[in-house]
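User: I would like a close look at one part of this predicted model. Please keep it brisk.

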Amino acid sequence: MVEMFLEQQQQSAICAVLLSSEVRKGESDICTLNQTDASNAEDAVSALKPMKDATMLMSEEHNPRKSLIVPLKAQLLQNMTDTRGVSAMIHEIKNAIKADFLKRYSSEAEKKILHTASALDPHFKGLPFLTEEERLEIYSGVTEEAASLEIDSTPKRTNVDQAAGGRGTLEEESPIEESLSPPPQKRPCSRVYWDSLTD
């Protein structure tokens, strides 16, 4: 909204409306941004652009994926950390956003779930936003979980025909069949962050 206001103000559309006799009765009725206000608004738009891009990316997904949360958070934190050559207002906005982000998804249980979700997503399986130690820990946990599932799904032997020869027969417990339907079609995902998230 602020971005659109600034764009229209530069094209003098808003000023033309405010100067219209139908809108105002006198000069004191004109209420618009002065030069300082306009400069601050431009700084705010610049500082909040990464947040807007991330919001648009998540909004375009029919089924937002849990695996996107940590890569997006890491990218936004990186953007908020870079404060070289910015105004005092942008610096303040970025610091406030960064401080708030550091409180989000900070528990060990939350991080484990989100990191595992990203590791299982082909787009982020390299986990470039984690340290080497964190990557090894996540992949070790995923491997152990997969191994335990494989052991649980092995066929079980039961003795059923004792009277007919004393030999047990092999019965396989088949999993409950679930109806499989094709995944819903997704709209093309925004490329704003996609390339940087999958590097």
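Which residues line the largest pocket?

Analyst: Start with the pocket. Its lining is made up of Glu 108, Lys 111, Lys 112, His 115, Thr 116, Leu 120, Glu 134, Glu 137, Ile 138, Gly 141, Val 142 and Glu 145. Two or more of these residues come from each of α6 (108–120) and α7 (132–152). The space inside is about 360 Å³.

Now the core. The largest nonpolar core of this predicted model has 14 residues. Leu 72, Ile 93, Ile 97 and Phe 101 touch the most other members. Helices α3 (35–59), α4 (69–81) and α5 (88–101) each give two or more residues to this core. Take Ile 93. Leaving aside residues up to four places away in sequence, Ile 93 touches Ala 44, Ala 47 and Leu 48.

Next, Lys 94. This lysine sits in helix α5. Lys 94 is buried, yet has no salt bridge. The nearest side chain of opposite charge belongs to Asp 82, 5.6 Å away.

Asn 79 belongs to helix α4. Its relative accessible area is 21%, so Asn 79 counts as partly exposed. Asn 79 and Ala 47 are 32 residues apart in sequence. In space, their C-alpha atoms are 9.0 Å apart. Ala 47 is also one of the residues that Ile 93 touches.

Note on methods:
Residues are numbered from 1 along each chain as its sequence is written. This is a predicted model: local features need pLDDT of at least 70, side-chain atom pairs count only at pLDDT 80 or more; totals for chains, interfaces and linings use all residues. Side-chain values use heavy atoms; hydrogens and water are left out. A nonpolar core is a set of buried Ala, Val, Leu, Ile, Met, Phe, Trp, Tyr and Cys residues joined through side-chain atoms within 4.5 Å. Buried means under 20% relative accessible area, exposed over 50%, partly exposed in between (1.4 Å probe, protein chains only). Helices (H or I, at least four residues) and strands (E, at least two) are DSSP runs, numbered from the N terminus. Contact means heavy atoms within 4.5 Å. Lys and Arg count as positive and Asp and Glu as negative; His and the chain ends are not counted. A salt bridge is a side-chain nitrogen of Lys or Arg within 4 Å of a carboxyl oxygen of Asp or Glu. On a 1 Å grid over the protein atoms alone, a cavity is a set of points where a 1.4 Å probe fits but cannot get out, and a pocket is an open set with protein on both sides within 12 Å along at least five of seven lines; lining residues have an atom within 4 Å of a point. Grid points are joined across faces, edges and corners, and a volume is the space filled by probe spheres set on the points.
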